[in-house]
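Visitor: I'm new to looking at proteins like this. Please walk me through what there is to see.

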Amino acid sequence: MTTITVMNDDPSQLSDVQSRAVAALIREEIARRRISRQRLADQAKISISTLEKALAGRRPFTLTTTIRLEEALGVSLRTRQPDLPAPPNHNGVARGDLGSYARASVSWIEGRYLTVRPSFGDKDAIYAYQTEIAWDEQRSSLIFRESQRLDSEFTHHGDVSVPNQSGHIYLVTNSSGQYRLIILTRPTRTGQMHGILTTLQAGRGAQLTPVAAPIALIPAGVVDPIEFGRIAAGHHCYEPYRKALRRTIEEPFALFLPV
């Protein structure tokens, strides 16, 4: 089982909770302004490595770095901290709004997954990236974190809800009240999870359009070969990835109603 634990007692660094909140706000500003991480790093006079590691949660934000980013963006990152998690909970049971599950009851979905969905930019391609689901000791619940995305500025992370009533798994991102939701079935015998993604598609300028699409999560350990990015027809991974997506609709694990 995978455990994510972050300890930080350095007063010059933001806490883990504060760093996650600042990272979420920075990703939101990058997406809204449609600027690259490199450009932001240059404007804030920090290295791209420092920015990338802090956004990925591999190191906390320092107070100095945060101030420089605030000056570059022209916004306050420390007073707007939305989506703060509940106070630390070390009893091994998730919050009630996530399903009140114990770690032992959900350990079977921890791991890394190849994640595939239709490409929003190319109707004949499949978009593939990685999703990791792991137990967070600080939050006392499962969290998910994406990686290996071509559009890294739109990388998501958030809570995992596993209520007994519906029998489904929910990957929830809440950024300043803006939600992105994935609803998944329980894993099949091969460990795959299928469902629906609901999100906002970036259009021209600042335009965002609601969109829904089938999605499949496949245990990374059983995929060989594995490729990430935009997978076009003719690529050696295209057919197996497409088969997994088609299964979402044809079994069906999710329904898309005609109008």
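**Looking around inside**

Visitor: Which residues does Thr173 touch, not counting those up to four places away in sequence?
Guide: First, a heads-up: this is a predicted model, where local features need pLDDT of at least 70 and side-chain atom pairs count only at pLDDT 80 or more, while totals for chains, interfaces and linings use all residues. Residues are numbered from 1 along each chain as its sequence is written, and side-chain values use heavy atoms, with hydrogens and water left out. Contact means heavy atoms within 4.5 Å. With residues up to four places away set aside, Thr173 touches Phe144, His156, His157, Gly158, Gln178, Tyr179 and Arg180.

Visitor: Is Thr173 buried or exposed?
Guide: You'll find Thr173 in strand β6; helices (H or I, at least four residues) and strands (E, at least two) are DSSP runs, numbered from the N terminus. Buried means under 20% relative accessible area, exposed over 50%, and partly exposed in between, using a 1.4 Å probe and protein chains only. Thr173 has 8% relative accessibility, so it counts as buried.

Visitor: Which side chain does the side chain of Tyr127 make a polar contact with?
Guide: Tyr127 sits in strand β3 (residues 125–136) and is buried, at 3% relative accessible area. A polar contact is a pair of N or O atoms within 3.5 Å; within protein, one must be able to donate a hydrogen and the other to accept it, and residues adjacent in sequence count only if both atoms are side-chain atoms. At 2.3 Å, the partner of the Tyr127 side chain is the side chain of Asp151.

Visitor: Which residues have the most contacts inside the largest nonpolar core?
Guide: In soluble globular proteins, nonpolar side chains tend to be buried together. A nonpolar core is a set of buried Ala, Val, Leu, Ile, Met, Phe, Trp, Tyr and Cys residues joined through side-chain atoms within 4.5 Å. The largest one has 22 residues, and those with the most contacts inside it are Tyr101, Val160 and Leu171.

Visitor: And which element gives the largest share of this core?
Guide: Strands β3, β4, β6 (168–175), β7 (178–185), β8 (193–202) and β9 (208–219) each supply at least two of its residues. The largest share, four residues, comes from β3.

Visitor: Is Lys45 buried or exposed?
Guide: Lys45 lies in the loop between α2 (37–44) and α3. Its phi is near 60°, a positive value in a residue other than glycine. Most residues other than glycine have a negative phi, and most peptide bonds are trans. With 67% relative accessibility, Lys45 counts as exposed.

Visitor: What is omega for the cis peptide bond that joins Glu251 and Pro252?
Guide: Pro252 lies in the segment after α6 (238–250). Another cis bond runs from Asp224 to Pro225, with omega near 0°. For the bond joining Glu251 and Pro252, omega is about -5°.
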